[in-house]
Amino acid sequence: MPSAIWKNVCRLLCVSAAASVGVALPMLAQRAAQKPAAAPASAPATAPATLGLGTAWYPEQWPESRWETDLDLMQKAHIRWVRVGEFAWSRMEPSEGQYDFDWLEKAINEAGARGIYTVLGTPTAAPPAWLTQKYPETLRTNEDGRKAEHGNRQQFNWDNPKYRELARDIASRMAQRFGHNPYVIGWQIDNEYAAVSFDAQTKADFQQWLKGYYKTLDNLNARWTTAYWSQTYSNWNQIPIETVGGNGNPGLLLSWKRIVSDTWRNYQKNQLDVIRQYADPRQFITTNLMGWFDGFDHYTITQDLDLAAWDDYVGMGHLDAVRNGATDDLTRGFKRKNFWIMETQPGHVNWHTVNNDLDKGEVRAMAWHNIGHGADAIGYWQWRSALNGQEEYHGTLLGADGTPLPLYVEVQQLGHEMEKAAPALTGTSPKSQVAILHTYPSFWAINWQRHNKYYDPVEELLSYYGPLHAIAQSVDIVQPTAPLSQYKLVVAPGLNVLSDAAAKNLIAYVQQGGHLVLGQRAGMKDSDNALQTERQPGPLSDLLGGRVEAYYALEHPVPLEGDWGANTSQMWAERLQITKPGAEILERYGKSNGWLDGEPAAITRKVGKGRITYIGAWMDEAGMAKAAEWMTAISHIPPAFGPVPKGVEVNARYGADHTVFVLVNLSGVAQTIALPRHMRDVLRGEEASSVELTNYGVAVLSEPHK
Ligand code: GAL
């Protein structure tokens, strides 16, 4: 399945996010009667918001007589929402123009009668066979010119006008039918946007897009430096779609990604507008994203959505707190507010090379880890496996016989705890004094020309994120054009493509007293992915009072010494130079290739009340830990909670009058944690001065503001 391939390549209910978009869910005690509601209008339309456990449910795959048993089992597991419908087009419209939504309404209402609310998926990631047969032009063309076929999913062409018309039609009919259903709390458009098309119409649209963006061919030719290799274009229709596999011009590659992102945005808007037209404003609209998947710019897509959501799959191995936490923070940064885990793995997946299970207790710990980072909903994919189909081996909560698997009990415990913690967590969200900057153009640009095949921009970001989170106990990940004044420390690892707007925002930030730390490869390119005419960090070098003299891809680690102790630079080293008074050297390279020997590797300069630092080495873990200590100390960043043993992660969520700390023990052994002050242990329902955490143990602690 395509999404599994993507995952391999890259890879509660609603507290504040939902509340902020008007979602309201009845508390358990207010659940409606156990019997299916005859009329949905009898459901409570508004009620206090709460945290929510959910699952993906596919009623279309089962006889109606089974639904009641499923819903009863969900209710027993404290499941508060189901995501339904996202692949059910052939059931909703069995033949062209013949619609059947009665079954869906029945499923929604039966769930609602048990206090289980619905997120409705539009089914456009899986068009029916009659559609592709009648309108073959809606099929995607692969890069090699072959057309996609029926039999899998995501075979549609996201740019095709006929497909847009059909997608809008089904979304509009769903919205007309369910836009006022009190049990429907929100919408998911499509499912995991990913595959694009390389057909003739898409190419013509790309050329038109370029015309709109660059206005004249002279401008495009200049900005892409097409004099190189005789690429100069004299007609818009000469411009190809080139991808990195085709060794495309860097300016063209970036433009292609921009139009891919814009096309996904208007693909989504095509459905979003029609849902908005018919649905109550209380129903949120989202889509499920895929973490670090970089097929399109997620900031572009999410600007039209009410909330961001992602599908959190570990795949092979176990929860990596740094990577997973950063992915949560990335998703939180798209809209700078709490987010949903729309899908996560109940134990194991089916698409990795070794589909091991998460350990006993790890599924629950992972969910609480997500919640600590700002997740307001956790949804398990899926409830029960279809008896046939591509994903028979995927983890579920029920077995093929329709009865609970061992993991069900752990998820039930989680659901119970989420309900218990909901009053404390409602209206809270993470907030940090540290931001890490991230842009898709920079990540793409580095990935297209890694220069050292091991140079992974996500890993570069994580090398800063990990030690900073360990000290500050919270990190935001945002774009460089976001408002930055709330941050004492802003760190930009690999901000390779630096737009004028971003440079301006960063300069203003330092001038207003902030501390900006640039990581290796920052400020090398302009917004056309062309080299800046100043050496790195380009427009920021004047402020830095220094620059990158030269960069080196390393065969072997190079020694470093200085304020951050002796460590090594991995795979990459930039030789820095001081150009202005006031700049100081923090680290130097030791003996290596001659070019680097004794030269500066990290420099810093005070600018008024602000500061700018440049780190040109990819330091090892020990070096990064020291650098993070220095960055946070000089920027006066206190830990959100206080000392915790290594392997215990703590995250804070702030409300109007109290803070909630979520502690998760991933250290492998039991831990006793002395609390910095007395706090309320929310899950145990008592005051505490210390907590005992088993391996994978969790504590949720609440403290009123003074
Ligand atoms: C997701 C997808 C689901 C299911 C799941 C399996 O990517 O949205 O439909 O395929 O993966 O891990």
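This briefing describes the domains of one protein, the contact between two of them, and selected charged residues. The structure is a predicted model. The domain assignment divides part of the chain into domain 1 (200–255), domain 2 (434–634) and domain 3 (648–704). Domain 1 and domain 2 bury about 750 Å² between them, and the salt bridge count for the model comes to 33.

**Domain 1 and domain 2**

- The centres of domain 1 and domain 2, taken over C-alpha atoms, are separated by 31 Å. The contact takes 7 residues from domain 1 and 8 residues from domain 2.
- Of the roughly 750 Å² that these two domains bury between them, 60% is on carbon and sulfur atoms. On the domain 1 side, R223, P250 and L254 lose the most area to domain 2, and together they account for 63% of what that side buries.
- One salt bridge is counted between domain 1 and domain 2. R223 is also a salt-bridge partner of D528, with 2.7 Å between the closest N and O atoms.
- Helix 10 (residues 250–278) supplies 4 residues, the largest share of the side of domain 1 that touches domain 2.
- Sorted by class, the side of domain 1 that touches domain 2 has 5 nonpolar, 1 polar and 1 charged residues.

**R265 in helix 10**

- R265 lies in helix 10.
- Leaving aside residues up to four places away in sequence, R265 touches T300, I301, Q303 and D304. With D304, R265 makes a polar contact between side chains at 2.7 Å.
- R265 and F178 are 87 residues apart in sequence, and their C-alpha atoms are 24 Å apart in space.

**Salt bridges along the chain**

- Side chains of opposite charge can pair when their charged atoms come close. The following pairs are among the 33 salt bridges counted.
- R364 and E417 meet through their side chains in a salt bridge, at 2.8 Å from N to O. This pair links distant parts of the chain, with R364 in helix 13 (residues 362–372) and E417 in helix 14 (residues 406–425), 53 residues apart. R364 and E417 are both buried.
- R282 and D280 form a salt bridge between their side chains, with an N to O distance of 3.2 Å. Both of these residues, R282 and D280, are buried.
- The side chains of E686 and R684 are joined by a salt bridge of 3.3 Å, N to O. E686 is classed as partly exposed because its relative accessibility is 37%. R684 is classed as exposed because its relative accessible area is 60%, and the limit for exposed is over 50%.
- Which residues are linked in a network of salt bridges? E64, K106 and E110 are linked in such a network.

Notes
Residues are numbered from 1 along each chain as its sequence is written. This is a predicted model: local features need pLDDT of at least 70, side-chain atom pairs count only at pLDDT 80 or more; totals for chains, interfaces and linings use all residues. Side-chain values use heavy atoms; hydrogens and water are left out. Domain bounds come from an automatic or database domain assignment. Contact means heavy atoms within 4.5 Å. Buried area is the accessible area (1.4 Å probe) that two parts lose on being put together, summed over both. A salt bridge is a side-chain nitrogen of Lys or Arg within 4 Å of a carboxyl oxygen of Asp or Glu. Helices (H or I, at least four residues) and strands (E, at least two) are DSSP runs, numbered from the N terminus. Ala, Val, Leu, Ile, Met, Phe, Trp, Tyr, Cys and Pro count as nonpolar, Asp, Glu, Lys and Arg as charged, and the others, Gly among them, as polar. A polar contact is a pair of N or O atoms within 3.5 Å; within protein, one must be able to donate a hydrogen and the other to accept it, and residues adjacent in sequence count only if both atoms are side-chain atoms. Buried means under 20% relative accessible area, exposed over 50%, partly exposed in between (1.4 Å probe, protein chains only).
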